Amino acid sequence: MSAKRRRQHADGPSVVVVGGGFAGLSAVQALGRSGATVTLVEQNIYSTFQPLLYQVATAGLTSADVAYPLWAAAGKAGARFRKGELARLDTEQRVVYLAAGEQISYDYLILATGVSAAFFGVAGAAEHSLSLYTRRDSVTLRNQLLDALELRNEGLTDPELDITVVGGGATGVELAGTLAELRNIALPAAFPQIDRSAFRVRLIEMAPALLLPYRDSLREYTRQQLLRRSVDVMLGTAIKEVRPGSVLLADGTEHRSDMTVWAAGIGAPAADWNAGLPRGKGGRIEVGPDLRVVGQDRVFAAGDLSINGSEPAPQLAQPAIQQGRHAGGQVARLIAGRPTEPFCYHDKGIMATIGRRSAVVQLPAGLRLRGTMAWVGWLGLHLIYLLGNRNRLVTLVNLSWRYLTWSRGGGVIIGDDVPPGAGH
Ligand SMILES: Cc1cc2nc3c(=O)[nH]c(=O)nc-3n(C[C@H](O)[C@H](O)[C@H](O)COP(=O)(O)OP(=O)(O)OC[C@H]3O[C@@H](n4cnc5c(N)ncnc54)[C@H](O)[C@@H]3O)c2cc1C
């Protein structure tokens, strides 16, 4: 950055963006030429690429492959980066308070803190299931999985291994499909002593179909692909309780579950900092058409965190990117003395993968793809959106390695030992 631009930024209005995910980073990029002093605040020093977390959880990628350093991302956009957790917000004085004590004043604020797993009050779900929302979650899941496999391979514990994935959305489908492939393809070479028939993967979904936002034909294709991989798919099945070692269904039947992964819902958790802001469905912050928080002139919210009552955008990467860009653009307009414009979501389609050479793509014009072509498209798009050339290259190598060498014992990335008593 030139000295002139640095000086210009130092004199400009102060904009704070909280959250370094898709929405926050897009907002920071959109503010690049606004003349503002932009500060990106994020509790981690990295941005997480959530769509590939299931690959980390199933030992196909390392956790570094899906993380990108935020000082680099912020620096490229001419912003400064502060690692910190937003703890309190004073919209009267226009100050954000970080958990470690730092205070940052703002002229404009963009909130993009995303959401986290929601358990909908299901007894034991928070305590006895694993989530797949953060990089840490994916590493915990991978370590417990590999530990469980190793113990069984060495004959040190009960040979049965039941894994339950709760939730038939994209995350649940991707995880269940890949766990089944791990068992079917990688296990004989990597963990030869394990009896594959004793390793069961079950996917439980409350709705009568998987992947609800997709057309019927793609939903059915997805179900068939999971069945072909020997996943036990249970639709129209509600979970009443998650217990240590089992799940209890609403009809009273109990299924053994050595590991239960909760992929059934998300919500914006209540926190001190959002106590004074209007919260709608799923705890999301209510915004108006221009993405300004309802009742606020200088505070915007974007991405998974925000909800526009009349037209809620899906909680996916594309809406988050577009909303972040829009929120940043609106702040730039206000700084330039221009009025804001309403946000309009451009649907670019949705896609989900089930396993190797199997994916579904649904484009807005009605075009639908499935199978190998869809899978290649899915892979290409994820590589494009992954941040950083190093991550793209390493991910391409790791995933190619996984899919080419699985049956010979390759493509299983070693985890860390689980302390005694922590795993299953
Ligand atoms: C496992 C998984 C798979 C997914 N797969 C897909 C997919 O294939 N395709 C797709 O389109 N979408 C997918 N999604 C959804 C997509 O990742 C989200 O919609 C998107 O990440 C939302 O972006 P965001 O910027 O709103 O929030 P996030 O990406 O969640 O970013 C929010 C950021 O805010 C930070 N933060 C939170 N609280 C604080 C605080 N108090 N202080 C400071 N920082 C804070 C968090 O650490 C995080 O970095 C997936 C999600 C998950 C969990």
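Begin by selecting the 5 strands that form an open sheet, which follow one another in the order E5-E2-E1-E9-E21 with parallel pairing. The model in the viewer is a predicted one. At the edges of this sheet you will find strand E5 (80–83) and strand E21 (299–301), each of which pairs on one side only. As you turn the view, note that neighbouring strands of this sheet are turned by 20° against each other on average, direction ignored.

For another arrangement of a charge and a ring, select Arg88 and Tyr97, where the charged end of Arg88 sits over the ring of Tyr97, 4.1 Å from its centre.

The tour now moves to the aromatic pairs, of which the structure holds 5. Select Phe22 and Phe49, whose ring centres are 5.8 Å apart and whose planes stand at 65°, so that the pair is edge-to-face. This pair links distant parts of the chain, with Phe22 in helix H2 (residues 22–30) and Phe49 in the loop between strand E3 (46–48) and helix H3 (53–57), 27 residues apart. Is Phe49 buried or exposed? Phe49 is buried, with a relative accessible area of 6%, whereas Phe22, at 21% relative accessibility, counts as partly exposed.

From there, select Tyr54 and Trp378, which form a tilted aromatic pair, 6.5 Å from centre to centre and with 55° between the planes. This pair, too, links distant parts of the chain, as Tyr54 belongs to helix H3 and Trp378 to helix H10 (residues 372–385), 324 residues apart. Both Tyr54 and Trp378 are buried.

For the last stop, select Trp375, Tyr403 and Trp406 together, and you will have on screen three residues that form one aromatic cluster.

Technical notes:
Residues are numbered from 1 along each chain as its sequence is written. This is a predicted model: local features need pLDDT of at least 70, side-chain atom pairs count only at pLDDT 80 or more; totals for chains, interfaces and linings use all residues. Side-chain values use heavy atoms; hydrogens and water are left out. Rings of Phe, Tyr and Trp (its six-membered ring) pair if their centres lie within 6.5 Å; planes under 30 degrees apart count as stacked, over 60 as edge-to-face and the rest as tilted. Helices (H or I, at least four residues) and strands (E, at least two) are DSSP runs, numbered from the N terminus. Buried means under 20% relative accessible area, exposed over 50%, partly exposed in between (1.4 Å probe, protein chains only). A charge sits over a ring if NZ of Lys or CZ of Arg is within 6 Å of the ring centre and within 35 degrees of the ring normal. Two strands pair if DSSP finds at least two bridges between them. Axes are lines fitted to C-alpha atoms, for helices over the stretch in contact, and angles run from 0 to 180 degrees between N-to-C directions.
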